[in-house]
Amino acid sequence: MLTATYSLVAIAAEQDAAHRALRKLRHSIQNMWYGFQNIDFSFLESALAKLGEFDEYCRKRKLEMYVIPVVRNAKREADALLAELDALSDSARSILHTACERLSALVEGKSDQLHGICLAMESYCDRLHTRLTREEDELFPMLRRLLSVEEWFGIAAQFLSDDADTDGRKRYPLPQFRLPASAPRSTLTAS
């Protein structure tokens with residue numbers, strides 16, 4: 001049972017880190033609305049890049065890489081929940097992709113969808129927040145119940161191997177998302 005405890009503590013720590021990073025991202029995006037009339041292209045590009053980095057971080061969490069595959073391959077009881085979590089991630093990724101396309105069109109002067117880009121970034125964050133919350137509220141309790149001692153042992157061994165491969169460094173750094181203090185403002189205007 002110690003391996004289960006170790007594994008759950010490790011994924012809970014990653015979950016806390018993901019929540020902290022998402023809170024920072026959401027806060028920064030919400031602050032954009034205060035200076036909405038003066039948002040520049042480089043800030044939007046940076047914001048979308050940071051959301052992309054966060055998305056990559058979420059896909060490389062130990063929960064995603066090691067725990068969910070074990071559950072997906074062996075436990076039918078979790079199928080519906082895992083499908084819903086996948087749908088949330090896929091939807092968030094699609095929103096992020098659309099926001100990047102809108103920014104490209106905006107930069108090229110083919111669009112005036114600044115408001116839509118900002119709303120898409122908020123929508124992305126909302127979906128990821130929903131996913132993280134459902135993981136904690138529904139998936140974690142299910143994992144405790146469904147996985148055997150042997151499965152937890154295998155998962156813990158993968159965690160330890162992964163941690164050893166990084167020599168104690170963070171496996172994937174959390175994105176830092178801040179508005180540059182002296183960001184130049186372009187002629188971009190809200191519509």
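Helices, here DSSP runs of H or I of at least four residues, and strands, runs of E of at least two, are numbered from the N terminus. Glu-122, for instance, is found in helix H5. The model is a predicted one, in which local features need pLDDT of at least 70 and side-chain atom pairs count only at pLDDT 80 or more, whereas totals for chains, interfaces and linings use all residues. Residues are numbered from 1 along each chain as its sequence is written, and side-chain values use heavy atoms, with hydrogens and water left out.

The chain contains 6 helices and 0 strands, and its pattern along the sequence reads α-α-α-α-α-α. Of its 191 residues, 43% are buried, a term that stands for under 20% relative accessible area, with exposed meaning over 50% and partly exposed in between (1.4 Å probe, protein chains only). A contact requires heavy atoms within 4.5 Å. Among contacts between residues at least 6 apart in sequence, 88% join residues at least 24 apart.

Two packed helices are described by the angle between their axes and the distance between the axes. The axes are lines fitted to C-alpha atoms, for helices over the stretch in contact, and the angles run from 0 to 180 degrees between N-to-C directions. Angles under 35 degrees count as roughly parallel, over 145 as roughly antiparallel, 65 to 115 as roughly perpendicular and the rest as oblique. A crossing is left-handed if the near helix is turned anticlockwise from the far one by less than a right angle, and right-handed if clockwise.

Helix H2 (residues 41-59) and helix H5 (residues 114-146) have axes that come within 12 Å and cross at roughly 20°; the two are therefore roughly parallel. Their crossing is left-handed. On the H2 side the contact involves Leu-44, Ala-47, Leu-48, Leu-51, Phe-54, Asp-55 and Cys-58, and the H5 residues include Cys-118, Met-121 and Tyr-124. By class, this contact comprises 13 nonpolar residues, no polar residues and 1 charged residue, where Ala, Val, Leu, Ile, Met, Phe, Trp, Tyr, Cys and Pro count as nonpolar, Asp, Glu, Lys and Arg as charged, and the others, Gly among them, as polar.

H2 also packs against helix H4 (residues 79-107), the axes coming within 11 Å and crossing at roughly 160°. H2 and H4 are therefore roughly antiparallel, and H2 passes H4 in a left-handed crossing. Among the H2 residues in this contact are Leu-44, Leu-48, Leu-51 and Asp-55, while H4 contributes residues including Arg-93, Leu-96 and Cys-100. The contact of H2 with H4 divides into 10 nonpolar, 1 polar and 4 charged residues.

H5 has a further partner in helix H3 (residues 62-74), with an angle of about 45° and axes 13 Å apart. H3 and H5 are therefore oblique to each other, and the crossing is again left-handed. Leu-63, Glu-64, Val-67, Ile-68 and Val-71 of H3 meet Arg-131, Glu-135, Leu-139, Phe-140 and Leu-143 of H5. This contact has 7 nonpolar, no polar and 3 charged residues.

Individual residues complete the picture. Glu-122 counts as partly exposed because its relative accessibility is 22%. Glu-122 and Gln-30 are 92 residues apart in sequence, yet 7.8 Å apart in space, C-alpha to C-alpha. Cys-118 is buried, with a relative accessible area of 0%, whereas Cys-100 is partly exposed at 34%. A search of the whole structure for disulfides (pairs of cysteine sulfur atoms within 2.5 Å) finds 0.
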